[in-house]
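Please take me through this structure in the viewer, one selection at a time. I would like to know what to select next and what is there.

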Amino acid sequence: MTFDRRQWLKAGGALALAATLPACSPAARKGAPSARVVVIGAGWGGASAATYLRRWAPDVEVTVVERSDAFISCPQSNLVLSGGRTLESLTVPYGKWATKHGIRFVKGEAEGIDATRRLVTLAGGQTLPYDRLILSPGVDLNYDGIPGLKSPDSRADVLHAWKAGPQTVALRRQLEALPDGGVYVLTIPKAPYRCPPGPYERTSLVAAYFKRHKPRSKVIVLDGNPDIVSKKGLFLTAWKELYPGIIDYRANNALVDVDVAGRRVITEFETVSAGVINVVPPQHAGRIARIAGVVNAEDRWVRVNHLSYESTAVPGIHVIGDATTSTPAPKSGHVANQQGKVTAAAVADLLAGRTLHADPSISNTCYSFVSNEEAINVAAVYRVDSGGATLKLAEGSSGVSDARSALEAEFARAWAANIWTDMLG
Amino acid sequence: MKTMHGLLCALCCAAGTSAALAAAPEPITLGARLAASCAACHGFEGRSVQRTPVLAGVDRRAFLDALHGFRDGSREATVMHHLARGYSEAELAALADYYAALPAPAAPAQGK
């Protein structure tokens, strides 16, 4: 069944519907938008793409399919663990945003994509036709290689907290319940994973909490990578100067299994006992990417043309964010925000019959807190290479902070306020 | 259905919910494309809501002087000394024109 305006009216009530229809544009007044774009997923990439597409192509109808009522930011969610932020302060509801920009917001789960007929099918059976489809799939967590974490019960105990939300708050509670002297273990998957510096920021902020509230407690980091993946020098200095004796970092220590009942972590080299076990599992492109048939890199990620973020596998489907292979750009919210805008411009250009911009650029500015008071950053500009097949670093444009500082913490909080307003304001 | 849609339009416009009144879609300028990247930290159309400098309404020459200063290291920065090196002279000029053409917000620009 295709949702037409009449059914929308029944489903949503006249005012709610009127508020979500881009019905005042001249095209809509004539009876139909010039084109229809469906965006699946209103995270960093999808929300940015939808917002900018409405700005740059006001005659195009934009429908966003999203399973949540509100956006919750992963960036800065580690501060919930240290008491530096509340989850509420990381949450932006979608309602006002959709109304303001004339976005049709559909709360639901996409279950099928017919790329030939250009139709999205929702869990309830409804269909949404599109001229161009934008997927912002994010990542799914993969527990296949961790036998002890197959059951939902085990995963309610051993948390990931790698998607901000209830798990973030639950991990904070586990840390609060840990006795002074108890051990917290964090396991890090082999790269690539969402937010390269995230595990090391988490290490710092759990240590900050222990330093203040549980000074005899320890943080043990079991890293599947040969070394700290991002901002290494800055993190090591912070750990040494701020948290002496608290953090025990062990590289090349890939997770093999978790003995949940015995509270033990088993790696390739050792078995470590802990009061709180926090496993960040390996990741792959979110399920909708698989449904769309666009997963074509290492059977995990999505390859795109970086001029338009159109899938190299399926025409008419654009994919942005952590699900894509965009190296050397990291899997970060900032990069997804940037890709959302390049995609919005490209989709607007394609629908209007214009030539694609040949040299789009994206930036990354990624702050990590090393305590509630101080932060560090890595920043870079990326440009397209090989006609859009890959990205490359713009020469000389990449670097990290000279040193951690309170000023950077202030800029980090301003970054969050600004980028959330940019994509959801 | 046509009547229904007309009614919805009336409802929608009466409620003042849509500002999308543009005619045929206009091409997206180079300045607008580049500024969309800067918007992540500096706000849409350079209207930063917290701490990061407001760019809307910044004088063209002042903008270019700042970016050149970041690029050659004569102007201190926490991120801009890196990012400024990622753009061509033509791109910086397009950004300078874009921001200079925008009205400065009523509140004074924050930040350094």
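Start with A329(A), which sits in the loop between β23 and α12 (333-351) of chain A. Helices (H or I, at least four residues) and strands (E, at least two) are DSSP runs, numbered from the N terminus. The model is predicted: local features need pLDDT of at least 70, side-chain atom pairs count only at pLDDT 80 or more, and totals for chains, interfaces and linings use all residues. Residues are numbered from 1 along each chain as its sequence is written, chains are lettered from A and ligands numbered from 1 in the order in which they are written, and side-chain values use heavy atoms, with hydrogens and water left out.

Is A329(A) buried or exposed? A329(A) has a relative accessible area of 6% and is therefore buried; buried means under 20% relative accessible area, exposed over 50%, partly exposed in between (1.4 Å probe, protein chains only). Show its surroundings next: leaving aside residues up to four places away in sequence, A329(A) touches V335(A), I362(A), Y382(A) and L391(A), where contact means heavy atoms within 4.5 Å. Then pick L393(A), which is 64 residues from A329(A) in sequence but 7.8 Å from it in space, C-alpha to C-alpha.

The peptide bond from T327(A) to P328(A) is cis, with omega near 10°, and P328(A) belongs to the loop between β23 and α12 of chain A. Another cis peptide bond joins A191(A) and P192(A), with omega about 5°. P192(A) lies in the loop between β11 and α9 (198-213) of chain A. Most residues other than glycine have a negative phi, and most peptide bonds are trans.

Two residues with positive phi come next. R263(A), a residue other than glycine, has phi near 50° and is placed in the loop between β14 (255-259) and β15 (264-267) of chain A. With a relative accessible area of 23%, R263(A) is partly exposed. D299(A) has phi near 55°, again positive in a residue other than glycine, and is found in the loop between β19 (295-297) and β20 (301-302) of chain A. D299(A) counts as exposed, at 56% relative accessibility.

Now select strand β9 (residues 132-135) of chain A. R132(A) and I134(A) point one way from β9(A), L133(A) and L135(A) point the other way, and all are buried. In a regular strand the side chains alternate between the two faces of the sheet. Strand β1 (residues 35-40) of chain A runs parallel to β9(A) and is joined to it by four bridges; two strands pair if DSSP finds at least two bridges between them. I40(A) is opposite L135(A) in β9(A). β9(A) also pairs in the parallel sense with strand β23 (residues 317-319) of chain A, over three bridges, and there I134(A) stands opposite H318(A).

Move to the open sheet of four strands, ordered β13-β12-β11-β17 (chain A), where the pairing is parallel. β13 (247-250) and β17 (276-279) of chain A are at the edges with a single partner strand each, so one side of each has no neighbour in the sheet. Strand β12 (residues 218-223) of chain A is joined to β13(A) by four bridges, and the bridge partner of L222(A) in β13(A) is R250(A).

For helix packing, select helix α4 (residues 44-56) and helix α13 (residues 406-424) of chain A. Their axes come within 7 Å and cross at roughly 55°; axes are lines fitted to C-alpha atoms, for helices over the stretch in contact, and angles run from 0 to 180 degrees between N-to-C directions. α4(A) and α13(A) are therefore oblique to each other (angles under 35 degrees count as roughly parallel, over 145 as roughly antiparallel, 65 to 115 as roughly perpendicular and the rest as oblique). Residues making the contact include W44(A) and Y52(A) of α4(A) and W415(A) and W420(A) of α13(A).

Finish on chain B, which has five helices and zero strands. Buried residues make up 46% of its 112 residues.
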